[in-house]
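Welcome to this short tour of a protein chain. Have the picture at hand and follow along from strand to strand.

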Amino acid sequence: MTKKATVVERSQLHLVLEVEGFDFSVLDSLQEVLNEMEEVEYAGTSVIHPLFPRLRFVLRVKEGHDVVKVLSEGLRRLRARASEVVGILSETLAKAEAAKA
């Protein structure tokens, strides 16, 4: 399946993306990270149609902030969070394997 994102709408404070080829949970994680940020007014993901594998991702930031910069920071934070999870789980698995030996 092709994975891609298309900008549907963009202004200084508002961004709408149409995303194909990803599971809802991937964008849900980004949405969670963004909604924790002070600069974000709203971040949300919706299924465009249940028969088509496309999602709509909407980000709106507060006045005085740039939507692209906020999204970039959110992606950086998501990457860091994912790396932390991978590290912890890898360490736990290594310990479990060592204890088994």
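β1 and strand β2 (residues 14-20) pair in the antiparallel sense over six bridges, where pairing asks for at least two bridges found by DSSP. Within this pairing, threonine 6 stands opposite glutamate 18 of β2. Strands here are DSSP runs of E with at least two residues, helices are runs of H or I with at least four, and both are numbered from the N terminus.

Before going further, please note that this is a predicted model, in which local features need pLDDT of at least 70 and side-chain atom pairs count only at pLDDT 80 or more, while totals for chains, interfaces and linings use all residues. Residues are numbered from 1 along each chain as its sequence is written, and side-chain values use heavy atoms, leaving out hydrogens and water.

What is the order of the strands in the sheet? The four strands form an open sheet in the order β1-β2-β4-β3, paired antiparallel. At its edges are β1 (4-10) and β3 (40-49), each pairing on one side only. From one strand to the next, the twist averages 20°. Angles run from 0 to 180 degrees between N-to-C directions, with axes fitted as lines to C-alpha atoms, for helices over the stretch in contact.

| Strand pair | Bridges | Residues standing opposite |
|---|---|---|
| β1 and β2 | six | threonine 6 and glutamate 18 |
| β3 and β4 | eight | serine 46 and arginine 56 |

β3 and β4 also form a hairpin, with two residues between them.

Now for the helices. Helix α1 (residues 24-35) lies across β2, β3 and β4 (52-61) and runs at about 165° to β3. Helix α2 (residues 67-100) packs on the sheet and touches β1, β2, β3 and β4, its direction making about 115° with that of β4. Contact means heavy atoms within 4.5 Å. Read from the N terminus, the elements of the chain follow the pattern β-β-α-β-β-α.

What about the chain as a whole? Its radius of gyration is 17 Å, whereas a compact globule of 101 residues would have one near 13 Å; the value is taken over C-alpha atoms, and the globule rule is 2.2 Å times the number of residues to the power 0.38. Along the principal axes, the C-alpha atoms fill a box of roughly 55 × 35 × 15 Å. Of the 101 residues, 29% count as buried, meaning under 20% relative accessible area with a 1.4 Å probe and protein chains only.

Definitions and conventions:
Buried < 20%, exposed > 50% of the residue type's maximum accessible area, 1.4 Å probe, protein only.
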